[in-house]
Amino acid sequence: MHQLLKRIVLHTARTFASRAASPARSFSEAPVSIRQSASATGLYGYDVLKSASGFQAFAQDAIEKSEDLIERIRQTQPSMETISLFDELSDTVCTVVDSAELCRNTHCDSEFVEEASRASMTIYEYLNRLNTNPVLYDAIVKVEKAKALTTEEAKRAAFTHRVEFERGGVHLCHEKQERIRQLHLQTTQLERKFMKNLLEDPGHIDIFPASRAPKPISRIIKPISWSEKGVVKNGVRVTTDSENLCTILKWVKDREIRRQAYMEGYSKPKGNLVVIDDLIASRHETAQILGYESFADFNLAPTMAASSDVVHSFLLDLSERLRSKADEELAMLVKFGQDSEGASFKGLNPWDEAYYMCLMKAGTYGLNAKVVASYFPLNQCIEGLKLITKSLFGAVLEEVRLARGESWHANVQKFRLYHPSEGDLGHVYMDLYSRPAKFPGSAQFALKGGRRISEDKYQLPVVVVVCNFSRPSSMSYPVLNHWELETLFHEFGHALHSLLTRAAYQHFSGTRTVLDFVEIPSNLFENYAWDYRVLSKFARHYATGDPIPLEMVTAMRRSKDMFAATQLQQQVLYAMIDLTLFGRKPLPAKDTTSVIASLKHKHTSYKHVEGTHWHARFNHLITYGAGMAPLEVEASRGCFLAGDMKIVCR
C-alpha cells in the first residue's frame with residue numbers, strides 16, 4: 001500500500017558575477033523580507049499544525065479520510081479510477097507520515113517532536129492494518145484481472161500495490177498477520193531507539209589543559225573545569241558524534257587525542273548493540289513468516305539483484321579484485337608515516353589512517369583544506385545549485401518567503417523551482433546547519449509527492465534538504481569544506497529527482513522509486529562538485545572574489561583518486577556487514593561485534609580494534625536493512641578494471 005516503512009534518503013558521510021564577490025552572509029542573516037512573510041500558517045504550510053497538538057488531529061483526519069476512500073474503492077468498478085483512489089489513499093497517509101518524520105528529526109521544539117512521534121506511531125499502526133486489508137487487496141486483484149487499465153504507469157501501479165500487499169502478508173492466517181503487525185511496530189520502535197541513542201549518547205573526551213586543544217577543533221569544543229585538592233584545572237570537552245569524530249581523526253595532529261576520540265566514539269552508544277540484536281531478530285522473524293530464508297532475501301527480492309546469493313557473489317568477487325591494490329595503498333601510507341615521523345613512528349593504527357591519508361594528499365598535491373574551503377562560501381554554493389539547475393533543465397531556483405509558523409528553525413530557507421514555460425515545479429526547504437538534537441547526518445526528506453490530481457491539475461512535490469554543516473563563529477564567514485559541498489550537491493540531486501518528477505502517481509514520485517535506482521541521480525549530481533567547468537562559474541574566494549584556480553581543482557581530483565581502492569573496499573565492507581547481519585542465520589560469529597571484526601579482517605587491509613563497535617552508530621543498517629549492497633558499491637562511483645589492476649574513480 002504505502003512503501004513503508006518509508007525510505008529517508010541518506011548520505012553519511014557527502015550569484016556568479018565577474019566582479020569581486022561580496023563577503024558571504026551567514027545563513028541566519030538572510031533579510032527578514034526574504035526569510036519570512038507577514039501571513040501566518042502552520043508548520044510546513046498546514047494550518048492544522050499551528051500548534052504541536054495539531055499532529056493528533058492531522059493523524060485522525062487522515063485516518064477518517066482513508067476510511068472514506070476505502071469505502072469508495074470497495075464500491076468502484078475495476079477501472080482507472082481504482083488506481084487513482086489507491087494513490088489518493090497512499091498520499092493521504094504519506095502526508096502525515098512524511099510531516100511527522102521530518103518534524104521528529106529536525107524540529108527544535110521538544111513538544112512538536114513528541115507530538116509528531118505520537119502521530120507517526122498512530123499512522124504506522126493504522127498502516128499495518130491497511131497492508132493486510134482484504135477489501136483493498138481484492139480491489140487491486142480485480143482491477144488487474146479486468147484489464148481495465150489504459151496506461152502502462154497505471155498497470156505498473158496496480159502490480160506494485162498487489163506485490164506490496166502480498167509481501168505484507170495479506171495471504172496469511174489471522175494469527176500470523178497479527179504477529180507481522182506486532183513485529184512491524186517493534187521494528188519501528190527499535191529503529192527510533194537506535195537514532196535516539198545516537199543523539200543522547202555520542203560520547204565525549206576531555207582534554208587538559210585547555211591549551212592542548214588543537215586549533216582544527218576550536219569550533220566544536222566546550223570549556224570545562226575540574227578541581228583536585230583545591231587546584232582548579234581548565235580544559236575542554238569534545239563530543240564524539242560522527243561529524244566531530246571525523247574532524248578529529250582527519251585533522252588533529254596529537255596522536256593521543258585521536259586515539260582517545262577513536263576509542264570513545266566507536267564504543268558509543270553501547271545501548272545500540274542490544275538494539276541491533278533485537279532488530280536482527282525482529283526482521284528475521286518477519287521474513288521467515290513471509291516465507292523467506294532471511295530478511296536480506298526478503299528485502300532484495302524486488303530489486304534487480306533479486307537474491308542475497310547474487311549480491312554476496314558480486315561482493316566477494318569485487319573484494320578479491322580490490323585486495324591487491326588496497327594493500328599497495330596501505331603500504332604507501334605506512335611508508336609515508338615512516339618518512340614523515342622517522343624513529344617516532346610506531347606503526348599505523350586505525351586512529352592514524354584518516355590523518356595520514358589527508359596529510360599525504362595535502363603534501364603530494366599541495367592542498368590546504370582551509371584554503372580550498374575559502375572558495376566555497378555558502379551563498380555562492382547555493383548559486384552553484386541554481387546555475388546547474390538552469391543549465392541542465394532551464395528551470396529557475398529562487399528563494400521565497402516563509403509564512404509565519406511555516407518553519408521549524410530560524411536558519412531554514414525555502415526555494416521554489418519553476419520553468420518559464422511549464423510553470424512551478426515544486427518547492428524545497430533547506431536546513432543546513434547542525435544543532436543539538438537534530439538528525440545526525442545528511443538526508444533528503446519528502447514532504448509531499450508529485451501526482452496527477454486531474455487532467456489540468458498536478459500536485460507539486462515538496463522536499464527538504466537536511467545537512468549538518470558546522471556553524472561558523474561570529475568572527476568567520478560561512479564557508480563549506482569541499483566534502484560538505486559534495487554532500488550538498490548529493491542531497492540536492494535527490495531533491496531534483498523528486499522536484500522534476502511528473503509521475504501520475506505519488507507512489508512513484510521522485511525518490512519513491514526502486515531501491516537500486518534511488519542513489520543514481522544524487523551520485524551523478526555530486527560529480528559536478530569536482531568539475532572545474534562548473535566550479536569556475538560559482539566557486540569564488542569569500543574575500544577577494546577570485547574564481548577557484550584550475551590548478552587547485554586538478555590537484556583535488558588527483559588527490560581524490562589517491563586511495564580509490566581503499567575507499568571502494570570500505571564500501572564493500574559496509575555492504576557485506578549489512579548483508580551478513582540481516583542474512584541467513586545463525587550468524588557466523590558469537591555476536592555482531594565479532595562478525596564485524598571478522599568481515600573487516602577478511603575484506604579490508606585494515607584491522608579491528610578490540611573494545612570498539614562502530615556499527616552501533618552505523619545508521620544505514622537502520623535505513624536500508626540488507627538493501628545497502630547496490631547502494632554502497634554504486635555510491636563509490638568507482639570502476640574496477642581487472643585487466644591491469646587499476647582503480648578509476650569517476
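## What lines the second largest cavity

The lining of the second largest cavity is made up of two nonpolar, four polar and two charged residues. Here Ala, Val, Leu, Ile, Met, Phe, Trp, Tyr, Cys and Pro count as nonpolar, Asp, Glu, Lys and Arg as charged, and the others, Gly among them, as polar. You can find the lining residues by name: Ala446, Lys448, Gly449, Val463, Ser498, Ser509, Thr511 and Arg512. The space inside comes to about 40 Å³. Rolling a probe the size of a water molecule over the atoms shows where empty space is left. On a 1 Å grid over the protein atoms alone, a cavity is a set of points where a 1.4 Å probe fits but cannot get out, and lining residues have an atom within 4 Å of a point. Grid points are joined across faces, edges and corners, and the volume is the space filled by probe spheres set on the points.

Please keep in mind that this is a predicted model, in which local features need pLDDT of at least 70 and side-chain atom pairs count only at pLDDT 80 or more, while totals for chains, interfaces and linings use all residues. Residues are numbered from 1 along each chain as its sequence is written, and side-chain values use heavy atoms, with hydrogens and water left out.

The largest nonpolar core holds 97 residues, and Tyr44, Phe55 and Ile123 have the most contacts inside it. Helix H3 (residues 80-106) gives this core its largest share, 10 residues. Apart from it lies another core, with 42 residues, including Leu367, Cys381, Phe492 and Val534. A nonpolar core is a set of buried Ala, Val, Leu, Ile, Met, Phe, Trp, Tyr and Cys residues joined through side-chain atoms within 4.5 Å. Buried means under 20% relative accessible area, exposed over 50%, and partly exposed in between (1.4 Å probe, protein chains only). The helices (H or I, at least four residues) and strands (E, at least two) are DSSP runs, numbered from the N terminus.

What does Tyr44 touch? Not counting residues up to four places away in sequence, Tyr44 is in contact with Leu49, Ser99, Leu102, Cys103, Glu406, Trp408, Tyr429 and Leu447. Contact means heavy atoms within 4.5 Å.

## A buried tyrosine in a loop

Tyr505 sits in the loop between helix H16 (482-499) and helix H17 (520-526). Is Tyr505 buried or exposed? Tyr505 has a relative accessible area of 6%, so it is buried. Leaving aside neighbours within four places in sequence, Tyr505 contacts Met80, Ile83, Ser84, Asp87, Glu153, Ala154, Ala157, Gly450 and Arg451. Take Asp87 from that list: Tyr505 and Asp87 are 418 residues apart in sequence, but their C-alpha atoms are 6.0 Å apart in space.

## Rings that pair up

The whole structure contains 24 aromatic pairs. Rings of Phe, Tyr and Trp (its six-membered ring) pair if their centres lie within 6.5 Å; planes under 30 degrees apart count as stacked, over 60 as edge-to-face and the rest as tilted. Phe439 is buried at 4% relative accessible area, and Phe445 is buried at 2%.

Phe489 and Phe525 form a tilted pair because their planes are at 50°, with the ring centres 5.7 Å apart. Phe489 lies in helix H16 and Phe525 in helix H17, so this pair ties together parts that are 36 residues apart in sequence. Both Phe489 and Phe525 are buried. Ring pairs also link Phe489, Phe492, Phe525, Tyr528 and Phe538 into a cluster. Leu392, in helix H15 (residues 378-393), is in contact with Phe525 and Tyr528, leaving aside neighbours within four places in sequence. At 42% relative accessibility, Leu392 is partly exposed.

## Backbone details to look for

The bond joining Lys268 and Pro269 is cis, with omega about -10°, and Pro269 is in the loop between helix H9 (255-265) and helix H10 (271-289). The bond from Lys585 to Pro586 is also cis, with omega near 5°; Pro586 is in the loop between helix H20 (564-581) and helix H21 (592-603).

Next come two phi angles. Lys147, in the loop between helix H5 (134-145) and helix H6 (152-167), is not a glycine but has a positive phi near 55°. Lys147 is exposed, at 72% relative accessibility. Ala437 is not a glycine either, and has a positive phi of about 70°. Ala437 lies in the loop between strand S9 (423-433) and strand S10 (442-448) and is exposed, at 56% relative accessibility.

Methods: 1 Å grid on protein atoms, 1.4 Å probe; cavity = no way out; pocket = protein on both sides within 12 Å on 5 of 7 lines; lining within 4 Å.
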